[in-house]
Amino acid sequence: MKLQNVLLLLASYFFYGLWDWRFLFLILASSLIDYIAGIEISKSKSSTRRKLFLYVSILWNLGVLFVFKYYNFFIDEFSALFNLEASDYTFSSLQIILPVGLSFYTFQTMSYTIDVYRKHIKPSHNLLNFLCFVSFFPQLVAGPIERARRLLPQFSKERKFNISESKDGLRLILWGLFKKMIVADNVAIAVNAIYMSPEDQGSLSLFYASVLFFFQIYCDFSGYSDIAIGSAKLFGFKLSKNFNIPYLSRSTAEFWQRWHITLTKWFADYVYGPLAKKGNRGYLIKTFALFVSMGLIGLWHGANWTFIVFGIYQAVAISIERIPFKIKGKSVSINYYLSRMPLAFAVIYSFILITTSCIFFRAETLESSFYIIKKIVSFVPSENFSLVIGLKSLVIPFLVILEYFSRNKNHPFEFFEKKFSTPIRWLVYYIFIFILIRYAGPTEQFIYFQF
Amino acid sequence: MQNNFIKYCFLFFTPLIIGYALLEYLTLEIPSSFKANKTAINLKQEKFETLILGSSQMMVGINAEWIDSPTLNLATGSQHHNTDFKLIKSLSPKFKNLKTVVLEVSYSHFELPHNGMKFWKNPLYLKFYNVNMYERQTYFKDKLVFLKNPSLFLNDVYDYYFKNNLSYSINDYGFNTINYNDYFKELNYNENEISQITKLDINTKENLDLFNNNTKLFFEILDYLEDKKIHIIICKVPMYKTFLNQRNENILKRRDSILNVVLKKYKGVEILDLEEDTINFKVTDYKNDSHLNPDGAKIFTQKLNEVINNINY
């Protein structure tokens, strides 16, 4: 087992070092600080000392995030707010790059120390295992954000080869590649073309691009998650499911139970939960907790007002869906009706809401987002709509059909496993590989790498 | 169990690897400008007096066969000045007799992005000319041509090996001598119908950052060639009037102002400006609004040949 973990650690550090070896020191520092903090929190009898080490860990992780991800944003906003010139203040913008996957691994390690503090888990006394937990390469750069209680124990056990898990891992990787290379990258062509010059586009084209963008980020990010989960399976690890066909959500709240599930759970456990539990847990307190959580989820995505508004927008939608009112003496909410109406209607409702929020996610600035929304609702004719459709975007209905009919499985290939013999399955896999080679879109970096 | 898995992986992936190797081989065997140029470089690199660079306009517009001095045309579709410069720096030391370099400056050359590290032709430069465009150490995968543009090469493989009516015939100078097929021919060179076509591939977006960056590199190329005492000819390739009418005036003015500066600063530079020549070039000399066909290429090459002869002798 020790040898397995040494190999994994070397592979993980090599993988990350290929991008930029200098940031290996940052991961190592984060790992060591949280490792020591975990042990000290567990060892300490005094609550002050326990808190001290918790704060050290949290301050370090948030500090690293702040410096690398948010410092320039806050400095720029501060100077814009007070109309300051660069020479008026001591702090100036930093010329630094954002380490890949920073938001993912800092959140993972932060949850570890918080869970140790809450006594939900025991601290790791094995440095090698802990270093592997922080840097495990399949999920290091874009999640899923794992909890220590789920992932860390897996490093303590010797992994045995499991043929069915390995086969399933390969199938999941193939499915993830299909989503990324065929759907996301091809759809990106039409999205980029339309969003490059929104002023030249009509309402229909802009709305169409926003719908496509939803599928682009979904397939881009869930494709990566599938590849990560599949790769982990090859090594005998089980990672958490990160997506569950989010476009089939009946409400905005349900959307967040199906989209980036590990991030939503993280904020539910460490931000929303503690805030909402204070007070009488009434609607107002919960709504306040919701706005804080969703605002932070937005900010987690990037240092830009567009992401913050993206989060707040979701909070507004969820809070409206939750407003309690009485009908015939019975306390209900919009959610109650959404859960009872025909699936198609509820899906259309939530899909329109989510698609609109994607405009904030995709646009460069808030002004541009509002301009696009205004243009969509102004019903400006799209004269060249036929030119921007992008035939390859027609792969989306294919994806939806496959996912819908295999919605009770982990991925569509699991469906084939039960139904068809080996030669037929292999033929299907060969066809998918051929499609990957022949119809892959232009190489686009994974969108979530930037977070 | 483990052995079974490895056995099945081997059985599953072997046909894929063999299939890929076959496609790579078939792709490399298809006649192309790159292949013809590689042969020419191997055979007579010390004889070349003129080196032609540029994009598809130069590739289809110049047949080196009709130039009196030994000439190599390395122009290819989408090739920008940064790639031209790397080709010059890598290959010119091998061309001991090189006297003239012909560069292209199209209407929007200065406001289009340079070729990036991901340019799909980079493996071709490495494979055929042994010129590294990656700006880093290269690996085995960097030479794999098919993988960089599978959809295009699959069509090429199908056309060449399975279809009989090929639309190209590459001569020893890398020039396609039957390169007529496009919408001008489809419309029977009917100028009225051609003028109705609105879908032109023309850049009208102004970009001052790119302009500054691109002109800087362009002057570096000229300085480099001047240092090496190599003559420079800058070509403005003929364009059909539908293209000329759609140009952005600001981009055009900026391009021409740079060329005026070039003429003042560099004594040995010649500009062959046939961009708006509607007298020598008729509709039947074009394959589309921005590319000459072999008939037009013959006229353009002869004009270029005159300029080269005037410089060299």
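Biologist: How much area do chain A and chain B bury between them?

Modeller: This is a predicted model. In it, chain A and chain B bury about 1,500 Å² between them. Of that area, 81% lies on carbon and sulfur atoms.

Biologist: Which three residues supply more of the area that chain A buries against chain B than any other three?

Modeller: They are Phe161(A), Trp426(A) and Arg438(A). Together they supply 37% of what chain A buries against chain B.

Biologist: How many residues does the contact take from chain A and from chain B?

Modeller: Chain A gives 16 residues, and chain B gives 16 residues.

Biologist: Now the helices. What describes two packed helices?

Modeller: The angle between their axes and the distance between the axes. Take helix 8 (residues 163-196) and helix 9 (residues 203-234) of chain A. Their axes come within 7 Å and cross at roughly 155 degrees. Angles over 145 degrees count as roughly antiparallel, so helix 8 of chain A is roughly antiparallel to helix 9 of chain A.

Biologist: Is the crossing of helix 8 and helix 9 of chain A left-handed or right-handed?

Modeller: Left-handed. By class, the contact of helix 8 with helix 9 of chain A has 23 nonpolar, 10 polar and seven charged residues.

Biologist: At what angle do helix 15 and helix 16 of chain A pack?

Modeller: At about 145 degrees, with the axes 8 Å apart. Helix 15 spans residues 343-362 and helix 16 spans residues 366-377. Their crossing is right-handed.

Biologist: Which residues make that contact?

Modeller: Helix 15 of chain A brings Thr356(A), Ile359(A) and Phe360(A). Helix 16 of chain A brings Leu366(A), Ser369(A), Phe370(A), Ile372(A), Ile373(A) and Ile376(A). The set divides into seven nonpolar, two polar and no charged.

Note on methods:
Residues are numbered from 1 along each chain as its sequence is written. Chains are lettered from A and ligands numbered from 1 in the order in which they are written. This is a predicted model: local features need pLDDT of at least 70, side-chain atom pairs count only at pLDDT 80 or more; totals for chains, interfaces and linings use all residues. Side-chain values use heavy atoms; hydrogens and water are left out. Contact means heavy atoms within 4.5 Å. Buried area is the accessible area (1.4 Å probe) that two parts lose on being put together, summed over both. Axes are lines fitted to C-alpha atoms, for helices over the stretch in contact, and angles run from 0 to 180 degrees between N-to-C directions. Helices (H or I, at least four residues) and strands (E, at least two) are DSSP runs, numbered from the N terminus. A crossing is left-handed if the near helix is turned anticlockwise from the far one by less than a right angle, and right-handed if clockwise. Ala, Val, Leu, Ile, Met, Phe, Trp, Tyr, Cys and Pro count as nonpolar, Asp, Glu, Lys and Arg as charged, and the others, Gly among them, as polar. Angles under 35 degrees count as roughly parallel, over 145 as roughly antiparallel, 65 to 115 as roughly perpendicular and the rest as oblique.
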